Amino acid sequence: MKLRPGALILNAVLIGGAFLTVAPLLWMLSASLMPTGQANTSPPPLLPSRVTFEHYVELFTHLNLAQSFANSLLVSVVGTLATLVTSSMAGYAFAKLRFPGREALFRLLLTAMLVPAQVGMLPLFLMLKKLGLVNTYGGVLIPWLASVFGIFLVRQVAQAIPEDLLNSARLDGAGEWRIYRSIVLPNLGPVLATLAVFVFMSSWNDFLWPLVILSDDRRYTLPVALASLVGEHVQDTELMMAGAVVTVLPVLALFVVLQRWYIRGVMAGSVKG
Amino acid sequence: MRDFEREHPGIRVQVQQIPWTAAHEKLLTAHVGGSLPDVGQLGNSWISEFGTLKALVPLDPWLAHGALGRDAYFGGIWDTNVLDGVTYGVPWYVDTRLLFYRKDMLARAGYSSMPTDWRGWKACLRAIKEHGGPGRYGIFLPTNEWMTPVVLGLQAGSPLLADGGTRGAFQEPEFRRAFEFYLGIFRDKLAPAIGFNEIANKYQELSRGTFAMMVTGPWELGEFTRRLPDSLQTQWSTAVMPGPNGPGASFAGGSSLVMFHGTRHPAEAWELVKFLSRPEQQVRFWRLTGDLPARREAWADTVLTADERTRAFGDQLTHTVPCPMVPEWEEIATRVYEQADRAIRGATSADSALATLDRLVDKMLEKRRWLASRRAAGAKKS
Amino acid sequence: MSAGVGVAPAAAVDAGGAKRAPLAGPQARAGLALALPSVALILVFFFGPVLYGAWLSLTDFDIYALADPSSVRFIGLGNYAHAFAETDFWNALRITLVYAFVGAPISVAVSLAAALLVDAKTTRWKPFFRAVYFAPVVTTLVAVAIVWRYLYQPQYGLVNAFLAKFGIPRVDWLGDPHWALPAILVLAVWKNFGYNLLIFVAGLQNVPRELHEAAELDGARAWQKFWNVTLPELAPVFLFVSVTTVINYFQLFAEPYVMTQGGPLKSTNSLVLLMYEQGFRWWRLGYAAALAFILFAVILVATAAQMWLQQRRERAA
């Protein structure tokens, strides 16, 4: 393969850019393995003088990060499943089933995408207080039970399901629920995988809502636990880096493995409209 | 906790920690959400807030039966727990602020002990700075903490709020004098103009000699022992706050044991409060955390009075002044350091900072004024 | 969402030629049943609070009200008036506008530039670069904000150490009121540019090759090709990216919350951060609700303005 100088420069720039982009993450990993106090020296070291896992041990023993990890996992898994169920049903309904008020309802849902999430946060907090859901897992999950974006995505794909398929099933006497389960769902496979990855990552990384709704540190999700660690341990650089690694690693790994689905979700979300 | 459980079989205690910086928000959120614990440790500057919110159980009926009362404690500290004549908390540990400093750095600058008045203190800081050279300071005073300017104001005789806690008194001469003194420390570069989140590790900086002292509280007794290098362990000590004309007052802080409203186990909760208030338990707590006992009897323990570092605290605790007991205090304190920070960095003049402070505080207290006038008009008590 | 969304008007007879299903038949019932869970949840837990918030913003609901509901006063537009009279509010608004109208364009420009590079003909390992540039997007914001906080440390942080190699003197990134805002913007751009990069790459790949070839035949150079062919073709994608990025930057919260708490001297205090502080630290829920609606209004106006500008450009072209 010929390597013209132009191409060489281009690729070099891209590699440089890639390095700059990952550098903070690499330093985060490196600092998490440094002995205490080493990260706060001038000039800052790039690599640990000796590799130690003591900070990870500290996080999982004294600081009980495992509990927060489990909490994040619980919220993300349940939230993802809930959104998948509600969005696939509603997305299909809006795409293929004619019912009174369908169009108006859909347009109403779309306006929800215009409203910033913070507008409803405080009042939602007060509402959940009346329902007794403050500081509970249920409270954290509420925003992740349904998703306008999910409905939109599923509807987009469901619209492409051929009418003939559905109608012949109806003529055969199949009920609507059976049609949904056996014909529509299998066809929605790829978009549901995409949606699942999307929702999992968003709920895992969510910060403001869990910060607002949770006050019991046993229920904290990872981002909130991490932020609260900063309050007490801001001077323990290496410890905080270890905490950051624990929070970031799962989603990063998930991303690397499931790139295809996630990227598809990003692109699909940008399809005109 | 285990000892308590052993003494009271049938009661199990679950402990939860929250970092102090988030405690205010988290406890309020828990109150709003109805998820407060039975017993808690509440900073006494928040007692008025939580009391107004009806989040606390009045303790007078419980206190009537026992040996706990004002005389068992430092008077100034006990008073911070009383709101409108009702006692809401039993002091647990006391907190006040005083100087933690490096004896060796003071000695090198020519001082064998900490000066006791403002003028002497400033001269000492200047000497340390000159001796240290460029990039060195006398003291670390984080610009985003309210304790120091407020304590200086209290020492100068400022009530901070006027008219029954419904207006700001920051433009009055007393606070103005303290404010000028505080700003002067930064103006003369005796302290770096940074906040506590801009310093990587203040213990490391103290060890490296970047500054020689800081104003902080009793929990640092434990932290200093843990975090300063062994070579410095004999070189640090504590001293009473210098006041305008001699040893000064400091802030009457600390935490109290409170019972939260909505507790389903008030009797058991009270048992726990009594247990933790026993002098032996107070001393034990001190040994574990370095937090100082509120109970006077606990101070009779020789260890506390023998150590010069804790003795300074004992002295300081006899001169304390509480902060105004209004629910808005936390926010007012935040505005104090915000305006001080602006003045320190030259974004505003001292006069206009104080004027802004009064204006903001007056606005904040508007509701309180309205409620007070409503009460006075004979309407239903709020 | 752009106004381009529509649903094709229902035909009297659908594609298969079968009769329309009646609006009350089994299809309709199934449709309602399937849509109900989502719709109910969204109506109750999203629209409900928004309406409640609108009402709250007209009252002086605060900490006294939490204890004693009778002390709530209906003050109409009082909260809004208070906001417009407060320097803190204007400061937060100004900062939020800077985030949105300086930060977002920079982010979009970086994404576009990177997309052009990644999509160029002679680039090798495209999937690798896409993945690497995208990685920051999936990381947890709180975690990376903490990492960057240490990177920005004046004495011990990598940023100053790196700049020192070029002879640039030390900057107190998060402590200097002039530099804190740019520092946060750098973090925000780093975190998000990968997202828009993917979208741009998809858009670039949709530009028909014939157009490029025709331009080349006409003797156009790279820059002209970009300006006259690529950019116009990308117009819809560009609009989408700008609008969504601006909306996101209006809502900046976690970065200043973790790194600077809105400081130093309130130089990074965004509207959402102000709202959080007023609502959750001081429990001025009425006022905080009003702030949220003001933000909402600003976003609507900004979005409408962007789309109107785009339409004007299209008409002029």
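**Chain A and its surroundings**

A: Among the contacts in chain A with a separation of 6 or more, 76% are made by residues 24 or more positions apart. The model is a predicted one, and the values below are computed from it. The secondary structure of chain A is made up of 13 helices, with zero strands.

Next come the overall dimensions. The C-alpha trace of chain A spans about 75 × 65 × 30 Å along its principal axes. The radius of gyration of chain A is 23 Å, whereas a compact globule of 273 residues would have one near 19 Å. As for burial, 47% of the 273 residues of chain A count as buried.

Chain A also meets another chain. In this interface, 86 residues of chain A are in contact with 86 residues of chain C. On the side of chain A that touches chain C, helix α1 (residues 5-32) of chain A gives the most, with 13 residues. By class, this side of chain A divides into 60 nonpolar, 18 polar and eight charged residues.

From here the view widens to the nonpolar core. The largest nonpolar core has 284 residues, and the members that touch the most others are I139(B), L197(C) and L291(C). Helix α8 (residues 180-205) of chain C gives the most to this core, with 15 residues. The core also draws at least three residues from each of domain 1 (37-93 + 254-306) and domain 2 (97-251 + 320-382) of chain B. Leaving out residues up to four places away in sequence, L197(C) touches S111(C), A114(C), A115(C), V118(C), Y133(C) and F134(C).

Chain B, which supplies I139(B) to the core, is itself divided into domain 1 (37-93 + 254-306) and domain 2 (97-251 + 320-382). The centres of domain 1 and domain 2 of chain B, taken over C-alpha atoms, are separated by 26 Å. Where these domains of chain B meet, 14 residues of domain 1 are in contact with 13 residues of domain 2. On the side of domain 1 of chain B that touches domain 2 of chain B, α3 (47-52) and α5 (75-79) of chain B each supply at least two residues. By class, that side of domain 1 of chain B has four nonpolar, seven polar and three charged residues.

Definitions and conventions
Residues are numbered from 1 along each chain as its sequence is written. Chains are lettered from A and ligands numbered from 1 in the order in which they are written. This is a predicted model: local features need pLDDT of at least 70, side-chain atom pairs count only at pLDDT 80 or more; totals for chains, interfaces and linings use all residues. Helices (H or I, at least four residues) and strands (E, at least two) are DSSP runs, numbered from the N terminus. The radius of gyration is taken over C-alpha atoms; the globule rule is 2.2 Å times the number of residues to the power 0.38. A residue is buried if 20 or more other C-beta atoms lie within 10 Å of its own, exposed if 12 or fewer, and partly exposed in between; C-beta atoms are placed from the backbone. Two residues are in contact if their C-beta atoms, placed from the backbone, lie within 7 Å. Domain bounds come from an automatic or database domain assignment. Ala, Val, Leu, Ile, Met, Phe, Trp, Tyr, Cys and Pro count as nonpolar, Asp, Glu, Lys and Arg as charged, and the others, Gly among them, as polar. A nonpolar core is a set of buried Ala, Val, Leu, Ile, Met, Phe, Trp, Tyr and Cys residues joined through C-beta atoms within 7 Å.
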